[in-house]
Amino acid sequence: MAKKPKTVKLTGADRLFYIGVNVFLVFIGLVIAIPMLATITQSLTPNGFIGSVFDKFILVPWKWDASSYKALLGNNGFILAFWNSLKIMLFGVVTSLALTIPMSYCMSVHDLPGRKILNYFVLVPYLFNIGLIPTYLVITRLGLSNHLASVFVPGAIGTYNCLIMRGFFEGIPESLKESARIDGAAEWYVLVSIILPLSKPIIMTIGLYYAVGYWNDFMHPLLYINKAALQPMPILLRNILLGSAMGENLDANAFGDASVQAIKAASVFLSAIPMMLAYPFIQKYFTKGTMLGGVKG
């Protein structure tokens with residue numbers, strides 16, 4: 001007869017600690033869920049609805065009105081802004097990973113000539129920001145104004161992300177790299193064939209960091225993009241939330257039967273959907289990649 005596994009008895013302090021953790025997590029969940037629920041309910045509130053704020057919050061489904069979503073999804077300006085943000089995010093993530101991965105790998109190779117100089121080269125701009133005006137002059141003189149590349153090129157390599165990825169690469173056993181080098185493999189082959197297949201957690205994690213940053217980036221499009229046809233979602237949301245009849249992208253009569261408040265709420269909710277859909281597929285790599293990447297620095 002198999003022996004039953006021994007269980008660790010919890011003390012009173014342990015139980016109190018776990019209760020406190022559970023209460024805290026429930027509180028955090030409510031802080032996240034309540035505003036989201038309120039936003040969704042407000043986006044489905046019919047125009048001319050009479051009632052208190054609490055009545056809107058618990059609006060029953062058979063009284064919902066999807067006019068705000070029809071007005072947004074049926075408007076070319078909203079679809080265009082959504083597509084611009086999607087392009088910025090996709091091209092930005094690919095560009096950033098293509099630059100961050102080799103930079104981080106070079107910083108992790110201990111016998112690389114000039115490794116200390118390279119680390120200082122990455123760290124100094126992170127500690128001492130050159131400011132907005134020099135960056136603006138560089139972007140404009142490179143001819144990137146009114147181009148989607150102006151949004152993701154300035155921050156293509158995030159120093160924090162680079163340091164996390166460097167720590168992950170340093171945690172990979174050196175024997176794996178040395179065995180490939182002894183067989184005559186070039187350094188790029190070591191990176192592509194050995195390092196990258198083992199680095200899926202950190203690549204997915206850093207990719208998520210970049211994706212969220214580019215999707216929510218507001219300052220760079222505001223500075224460098226003046227054409228209405230190139231403006232992404234954050235600029236459009238700014239116009240909507242300011243009650244400016246959706247600014248340059250949408251017509252003043254684009255609301256249709258929906259109220260302005262419902263349009264605002266629907267815009268906020270729709271802009272959050274891509275990240276909400278992407279996170280469940282990356283979540284299993286997220287904690288592992290962050291923890292392993294922070295072991296060494």
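Which residues lie nearest the centre of the largest pocket?

1. Basis. This is a predicted model, in which local features need pLDDT of at least 70 and side-chain atom pairs count only at pLDDT 80 or more, while totals for chains, interfaces and linings use all residues. Residues are numbered from 1 along each chain as its sequence is written, and side-chain values use heavy atoms, with hydrogens and water left out.

2. Largest pocket. Pro125, Pro154, Gly155, Ala156 and Ile157 lie nearest the centre of the largest pocket, which has 34 lining residues. Its space is about 1,000 Å³. A pocket here is an open set of points on a 1 Å grid over the protein atoms alone, where a 1.4 Å probe fits, with protein on both sides within 12 Å along at least five of seven lines; lining residues have an atom within 4 Å of a point. The volume is the space filled by probe spheres set on the points, which are joined across faces, edges and corners.

3. Composition of the lining. Two or more residues each come from helix 5 (115-127), helix 6 (132-141), helix 8, helix 11 and helix 12 (219-224). Helix 6 gives the most, with five residues. Helices are DSSP runs (H or I, at least four residues), numbered from the N terminus. By class, the lining has 24 nonpolar, nine polar and one charged residues; nonpolar covers Ala, Val, Leu, Ile, Met, Phe, Trp, Tyr, Cys and Pro, charged covers Asp, Glu, Lys and Arg, and the others, Gly among them, are polar.

4. Helix 8. Buried means under 20% relative accessible area, exposed over 50%, and partly exposed in between (1.4 Å probe, protein chains only). The buried residues include Cys162, Arg166 and Glu170, as well as Phe168 and Phe169. Phe168 and Phe169 form one aromatic cluster with Tyr105.

5. Aromatic pairs. The whole structure holds nine aromatic pairs. Rings of Phe, Tyr and Trp (its six-membered ring) pair if their centres lie within 6.5 Å; planes under 30 degrees apart count as stacked, over 60 as edge-to-face and the rest as tilted. Phe17 and Tyr18 are edge-to-face, because their ring centres are 5.7 Å apart and their planes at 65 degrees. Phe17 is exposed at 54% relative accessibility, and Tyr18 partly exposed at 46%.

6. A pair between helices. Phe82 and Trp215 are also edge-to-face, with centres 5.4 Å apart and planes at 80 degrees. Phe82 lies in helix 4 (residues 76-108) and Trp215 in helix 11 (residues 200-216), so the pair ties together parts that are 133 residues apart in sequence. Phe82 is partly exposed, at 25%, whereas Trp215 is buried, at 3%.
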